[in-house]
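Have a look at the structure first, and then we can go through it step by step.

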Amino acid sequence: MSAHPSLSSLARRILEMNESEAYTRLLPGPQGYEPAEKLLAGISGEQLFAMPVGKPQAAQAALCGLWLWHDWLEPAHRLAQDLDDSTGSFWHAIMHRREGDFSNSQYWYARCMSHPVMAMVGARAAEMLGGQPADNRLLKMIWNGWRPQAFVDWIEAIHRSPSPEQLELALRLQHLEWRMLFDYCVREALSAASHN
């Protein structure tokens, strides 16, 4: 995965750890990748950056994303609960979806529907799904932008009755959503730094 040049060497190392296995399960177990936990434990969002952070809450949101990247749901949950904005709600929704608490995920997605990343994910997901056979469940996800509630419903259906093709596509969409939200957090964390 290409890392942002603004990230610290520590953040780049965390992103690159276990790269072939990171974030490759829809519903991970209770334990994530232990070597990543050792690096993530006790660090602050500001330590993820190689330059001054203008918005510490956005830096904490990026840290939340890294915990999720390595399948550590509980530490990510604690961080998301401390973020009182739509980005925190977005991470919160993802975390609950990945733990299999689908109705709770729906609740948190409803709280962040106006998040700027929703439109970006919708556009990219529409491109990704454009070559897929017609399937109403897929079309619901990209109708008028990104519809994460439909994505949650689809993930729940895949979880109950997995198919290799659907699983592979769901993992690609999950990765797209994570990447776009993480990139947004990185940009936001640094956005006010030059104005201070």
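**Packing around helix 10**

Helix 3 crosses helix 10 in a left-handed way, meaning that the near helix is turned anticlockwise from the far one by less than a right angle. Helices here are DSSP runs (H or I, at least four residues), numbered from the N terminus. The model is predicted, so local features need pLDDT of at least 70 and side-chain atom pairs count only at pLDDT 80 or more, while totals for chains, interfaces and linings use all residues. Residues are numbered from 1 along each chain as its sequence is written, and side-chain values use heavy atoms, leaving out hydrogens and water.

The contact (heavy atoms within 4.5 Å) involves A58, A59, A61, A62, G65, L66, L68 and W69 of helix 3, together with H175, W178, F182, C185, E188 and A189 of helix 10.

F151, W154, I155 and I158 of helix 9 meet residues of helix 10 including L169, L173 and E177.

I94 and E177 are 83 residues apart in sequence, yet 9.0 Å apart in space, C-alpha to C-alpha. Leaving aside neighbours within four places in sequence, I94 touches Y23, L68, Y109, E177 and L181. Its relative accessibility is 0%, so I94 counts as buried (under 20% relative accessible area, with a 1.4 Å probe and protein chains only).

Technical notes
Helices (H or I, at least four residues) and strands (E, at least two) are DSSP runs, numbered from the N terminus. Buried means under 20% relative accessible area, exposed over 50%, partly exposed in between (1.4 Å probe, protein chains only).
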